[in-house]
Amino acid sequence: MSHSTDNGIMRYNVRIFALAVGLATMTAISAPAETHYKPHVSIGAHGGMNMSQMSFSPSVPQNWTNGIQIGVQARYAEEKIFGIIGELNFSQRGWKERFDDHPDLDYSRTLTYIDLPVMTHIYFGSNRFKGFVNLGPQVSYLISDNISSNFDYAHPQEAGIPTSRYTAQMSMKVKNRFDYGITAGLGGEYYIKPRHSAYLEVRFYYGLGNIYPSSKSDTFSASRSMSLQFTAGYNFRLK
């Protein structure tokens, strides 16, 4: 993919991001105005697993790599169908290189972030069980970068990796510690008691920021994070 094409995709992604921010902001503003519904305020905690890769351009052969995700959540919801959620999460993302011709080689990179998603919360169902959809923007800050490898990734050709393969990503330092993107999830929540509930959620995150430099003279025009998250959580309703 050319740099000009990636710049077009980037502009498109920024427009999507701006739209998601606008939707979440409008929901946050309009929700308190619906005074004929009784508001519910809840706090909770959750934990689970991330399956992640990187979207590189030029592409790099990869497998999904696993990491943990834990965090806390605050939720404001009306009795009708809408609410807003804010979270603070500890999240491990990254990638695992795939070596089809050298299956004995192993390289993985774990990028640990502090995430702050703010999402529109749409829910439906009975008093006992509700399904829900979450959607909104997310900003993240990289706090740790760890590499695991069984060969000298600074000199990959010595391990038999062909020169035709892109290998610069293995030793490059992350330039942009801030990340931003869009996250969306589906899940179900079971109310054990009126104020106590447990939930399961599957969520997808697509990053719009690049971890490596992305000018025309740089190796990669895109180096964006994406992950599939599986979490279980508990909520307690304050009011």
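Reader: Leaving aside neighbours within four places in sequence, which residues is Phe 151 in contact with?

Author: Happy to start there, and please keep in mind that this is a predicted model. Phe 151 sits in the loop between strand E6 (129–149) and helix H2 (168–171). Setting aside neighbours within four places in sequence, its contacts are Phe 99, Leu 105, Asp 106, Tyr 107, Pro 156, Ala 159, Ile 161 and Met 170.

Reader: What separates the C-alpha atoms of Phe 151 and Leu 105?

Author: Leu 105 is one of the residues in contact with Phe 151. Along the chain the two are 46 residues apart, yet the distance between their C-alpha atoms is 7.0 Å.

Reader: Is Phe 151 buried or exposed?

Author: The cut-off for buried is under 20% relative accessible area. Phe 151 has a value of 11%, so this residue counts as buried.

Reader: Nice. Which element gives the most residues to the largest nonpolar core?

Author: That core has 17 residues, and those touching the most other members are Phe 56, Trp 95, Phe 99, Leu 111, Phe 151 and Ile 211. The top contributor, with three residues, is E5.

Reader: And which residues is Leu 111 in contact with, leaving aside neighbours within four places in sequence?

Author: Leu 111 is among the core members that touch the most others. Beyond four places in sequence, Leu 111 has contacts with Ser 91, Gln 92, Arg 93, Gly 94, Trp 95, Leu 142, Ser 144, Asp 145, Val 174 and Ile 211.

Reader: Let's turn to pockets. Which residues lie nearest the centre of the largest pocket?

Author: The largest pocket has a volume of about 370 Å³. Its lining divides into five nonpolar, six polar and nine charged residues. At least two lining residues come from each of strands E1 (40–57), E3 (65–77), E5 (107–125), E7 (178–193) and E9 (222–237). Of the 20 lining residues, those nearest the centre are His 40, Asn 127, Lys 130, Tyr 191 and Arg 237.

Reader: Is the peptide bond from Ser 57 to Pro 58 cis or trans?

Author: Pro 58 is placed in the loop between E1 and strand E2 (62–63). Omega for the bond from Ser 57 to Pro 58 is near 0°, and the bond is cis.

Reader: Before I use the coordinates, where is pLDDT below 50?

Author: The protein averages a pLDDT of 88, with 84% of residues scoring at least 70. Residues 1–7 fall below 50, with 13 contacts in the model beyond near neighbours in sequence, and another stretch under 50 has eight contacts beyond four places in sequence. Where pLDDT is low, the predicted coordinates should not be read in detail. The stretches to treat this way include residues 1–7 and residues 27–35.

Key
Residues are numbered from 1 along each chain as its sequence is written. This is a predicted model: local features need pLDDT of at least 70, side-chain atom pairs count only at pLDDT 80 or more; totals for chains, interfaces and linings use all residues. Side-chain values use heavy atoms; hydrogens and water are left out. On a 1 Å grid over the protein atoms alone, a cavity is a set of points where a 1.4 Å probe fits but cannot get out, and a pocket is an open set with protein on both sides within 12 Å along at least five of seven lines; lining residues have an atom within 4 Å of a point. Grid points are joined across faces, edges and corners, and a volume is the space filled by probe spheres set on the points. Helices (H or I, at least four residues) and strands (E, at least two) are DSSP runs, numbered from the N terminus. Ala, Val, Leu, Ile, Met, Phe, Trp, Tyr, Cys and Pro count as nonpolar, Asp, Glu, Lys and Arg as charged, and the others, Gly among them, as polar. Buried means under 20% relative accessible area, exposed over 50%, partly exposed in between (1.4 Å probe, protein chains only). Contact means heavy atoms within 4.5 Å. pLDDT is the predictor's confidence in each residue, from 0 to 100. A nonpolar core is a set of buried Ala, Val, Leu, Ile, Met, Phe, Trp, Tyr and Cys residues joined through side-chain atoms within 4.5 Å.
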